[in-house]
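Colleague: I have a protein model open and I am new to this. Can you show me how to read sheets, helix packing and burial?

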Amino acid sequence: MATAPIEPPQRLVSSLSGDPDSAAQKWLHALPTLVQQRLDAWELTLERVHAPGGRSSLLALVRQQDGTPAALKLPVPGTRSAQEAAALTVWDGWGAVRLLRSDDGSGALLLERLQSAVSLRSLPEAKALLEAAGTVRRLWVPPGAGHAFATVAGRTEEAAEALRTAGANVRTAAPLVDEALELRRALPAGSDEEFLLHGAFRQGKVLAGERAPWLATGPVPVVGERAYDLAALVLDRFEDVMAGSGAAAAARRRVAKLADSLEVDRDRLRDWTLYRAVDTGVREVAGGDRQRGELLLEFAAWL
């Protein structure tokens with residue numbers, strides 16, 4: 001039985017479409033019932049809903065029947081919860097949060113409890129990057145024969161048209177957009193690596209745990225080359241790099257340092273970082289955060 005009210009955090013509510021007829025709003029309206037159904041079916045006791053939480057799921061802190069703490073995650077419809085569950089199953093706790101149970105119907109995941117308030121972002125930058133590199137290295141494993149994960153080539157191809165369209169509205173970024181699109185076309189064919197990747201790896205996705213110091217959460221899994229995954233880490237906390245002196249040189253040093261520490265080709269990491277910076281930057285501008293978007297595009301130009 002629940003011991004606290006089930007109230008979606010404001011960050012989740014504000015991130016969803018306001019259209020009352022949208023699937024997201026219908027899901028939000030049904031969310032208390034969906035959570036209660038999982039509490040009952042899995043014999044969980046609700047402690048509290050985690051806040052501020054994320055923008056694509058609700059996370060509730062719960063206890064299992066034997067008193068063991070856990071976390072119940074309910075994803076927004078249309079997110080890749082089945083893929084997340086599949087990736088966590090492959091990793092089986094190695095470098096990542098352990099999946100305890102999943103429900104195909106609701107997409108609900110029951111996860112081991114981590115310290116949600118303590119991520120790698122709480123560490124000084126140099127130490128955080130070192131720990132992040134050690135964590136992501138553990139995740140790079142074969143995806144398994146006959147896997148159903150998306151590929152880097154497929155996922156970036158889906159995003160290419162959106163980048164092209166959004167880029168047309170950021171005229172000053174046209175040369176960078178053209179370069180990013182050309183890199184997206186050429187890069188997948190230039191590598192035969194097939195690793196299971198986190199897909200959205202950054203310091204905030206690595207939380208303190210009990211059975212291991214740091215464990216990754218929230219994957220958006222994809223199969224491909226390691227440089228694609230590592231590019232997201234290069235961009236993590238990029239504002240800190242830009243705020244320092246000699247920022248352009250510091251950005252290039254970060255690429256070289258991470259590439260060398262994880263035995264990834266420097267040039268390919270640079271190229272994937274440029275692509276991901278431009279893709280994210282253009283989307284940020286299109287979404288209304290012009291300042292952050294333009295900073296990302298400036299970072300990309302330094303590479």
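Modeller: We will take the sheets, then a helix pair, then a single residue. Keep in mind that this is a predicted model.

Colleague: Start with the five strands. In what order do they lie in the open sheet?

Modeller: The order is β1-β2-β3-β5-β4, and the pairing is antiparallel. Look for the edges next. They are β1 (45–49) and β4, and each pairs on one side only. Neighbouring strands here are turned by 30° against each other on average, direction ignored.

Colleague: How many bridges join β2 and β3?

Modeller: Seven bridges, in the antiparallel sense. Strand β2 covers residues 57–63, and strand β3 covers residues 69–75.

Colleague: Now the open sheet of three strands. What is its order?

Modeller: Read it as β6-β8-β9, with antiparallel pairing. The edge strands are β6 (115–119) and β9 (214–216). Neighbouring strands in this sheet are turned by 55° on average, direction ignored. Two bridges join β6 to β8, residues 206–208. Ser119 stands opposite Leu207 in β8.

Colleague: On to helices. How are two packed helices described?

Modeller: By the angle between their axes and the distance between the axes.

Colleague: Last, a single residue. Is Gly95 buried or exposed?

Modeller: Compare its relative accessibility with the cut-off: buried means under 20%. Gly95 has 7%, so Gly95 counts as buried. It lies in the loop between α3 (81–91) and β4 (99–102).

Colleague: What does Gly95 touch, leaving out residues up to four places away in sequence?

Modeller: Gly95 touches Thr135, Arg138, Leu139, Leu215 and Ala216. Gly95 and Ser116 are 21 residues apart in sequence and 16 Å apart in space, C-alpha to C-alpha.

Methods: Residues are numbered from 1 along each chain as its sequence is written. This is a predicted model: local features need pLDDT of at least 70, side-chain atom pairs count only at pLDDT 80 or more; totals for chains, interfaces and linings use all residues. Side-chain values use heavy atoms; hydrogens and water are left out. Two strands pair if DSSP finds at least two bridges between them. Helices (H or I, at least four residues) and strands (E, at least two) are DSSP runs, numbered from the N terminus. Axes are lines fitted to C-alpha atoms, for helices over the stretch in contact, and angles run from 0 to 180 degrees between N-to-C directions. Buried means under 20% relative accessible area, exposed over 50%, partly exposed in between (1.4 Å probe, protein chains only). Contact means heavy atoms within 4.5 Å.
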